[in-house]
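Work through the exercises below with the sequence and the 3D structure at hand. Try each task before reading its solution.

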Amino acid sequence: MIPELQFPLQKIIKPSLAHQLEILHIIKLLNLTPPKNIMDFGSGNGRIAIPLLRMGFNLWAVDISYESLKQLTITYNRLKTNSWGKLYTSTTIPKKIEFDAVVGSDILHHVTIEDKLHDILRTLKPNGMIVFSEPNAWHFPWYIYVFFLLSWNIEKGILHCSIPELNQKLASTGFDNIKIEGHGLFPTLLSNNFPYLARLNALYLGNIPLLRYFAFRLIVAARKF
């Protein structure tokens, strides 16, 4: 993760409604109860890691940015209580640990998906889960956002994050029980101040059959054989 693009620390400590609903969707598909061992691949400074640690999961945060991992550790040590899970950090995927699940947000479109899926598959226990939250290539407003506010050279991998292509890549890697749900028919931040509409948009409208192909985000879940 590029330091200047890190998730705002205040939003990690006090998540917005849109962020809470994204976490809720991830947790629903993860379908695990703590304590379990989870790897947050591309953790950054804790957008997904902190909520999972707060729930009691033991979490290995993996990110190429030492600075991001340092900030995550500081936040964890500042907030943790006895009910929190344990945090471990690494700049590479651990090779001697088998995980119950691997999660991530906004990371698959920044890597070579097939290569990293193979690496992740090897770290999972039999029947282990992956759950990722990614921008949807078929939600065309993303390209306006990238054009004006981000760098296409960094974000161009979004082109590979559509339901058909992710299904194909997951199946060819060796994952089973693939489930890809839409998260938000419209950008979720637009309804942040209207809880009912925010929940309706994030968890229901974006997952209507056919319409989910054009959802704002995709929540991608699959299981190891």
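**Exercise 1.** Leaving aside neighbours within four places in sequence, find the residues with which Ser162 is in contact (heavy atoms within 4.5 Å).

*Solution.* Ser162 lies in the loop between helix H7 (152-155) and helix H8 (163-173). Helices (H or I, at least four residues) and strands (E, at least two) are DSSP runs, numbered from the N terminus. Step 2: list the partners. Once its neighbours within four places are set aside, Ser162 touches Asn136, Ala137, Trp138 and Leu218. Step 3: check accessibility. The relative accessible area of Ser162 is 4%, so Ser162 is buried (under 20% relative accessible area; exposed is over 50%, partly exposed in between; 1.4 Å probe, protein chains only).

The model is predicted: local features need pLDDT of at least 70, side-chain atom pairs count only at pLDDT 80 or more, and totals for chains, interfaces and linings use all residues. Residues are numbered from 1 along each chain as its sequence is written, and side-chain values use heavy atoms, with hydrogens and water left out.

**Exercise 2.** Which residues of helix H9 (residues 195-203) are buried, and against which elements do they pack?

*Solution.* Step 1: the buried residues of H9 are Ala198, Asn201, Ala202 and Leu203. Step 2: these cover an arc of only 165° around the axis, so they lie on the same side of H9; the arc is that of the directions from the helix axis to the C-beta atoms. Step 3: the buried residues of H9 pack against helix H2 (17-30) and strand E6 (175-183).

**Exercise 3.** Describe how H2 and H9 pack.

*Solution.* Step 1: the angle is about 40° and the axes are 10 Å apart. Axes are lines fitted to C-alpha atoms, for helices over the stretch in contact, and angles run from 0 to 180 degrees between N-to-C directions. Step 2: H2 and H9 are therefore oblique to each other (under 35 degrees is roughly parallel, over 145 roughly antiparallel, 65 to 115 roughly perpendicular, the rest oblique). Step 3: on the H2 side, Leu17, Leu21, Leu24 and His25 meet Pro195, Ala198, Arg199, Ala202 and Leu203 of H9. Step 4: the residues of this contact divide into 7 nonpolar, 1 polar and 1 charged. Ala, Val, Leu, Ile, Met, Phe, Trp, Tyr, Cys and Pro count as nonpolar, Asp, Glu, Lys and Arg as charged, and the others, Gly among them, as polar.

**Exercise 4.** Is Gly44 buried or exposed?

*Solution.* Step 1: Gly44 is in the loop between strand E1 (37-41) and helix H3 (49-55). Step 2: its relative accessibility is 0%, so Gly44 counts as buried.
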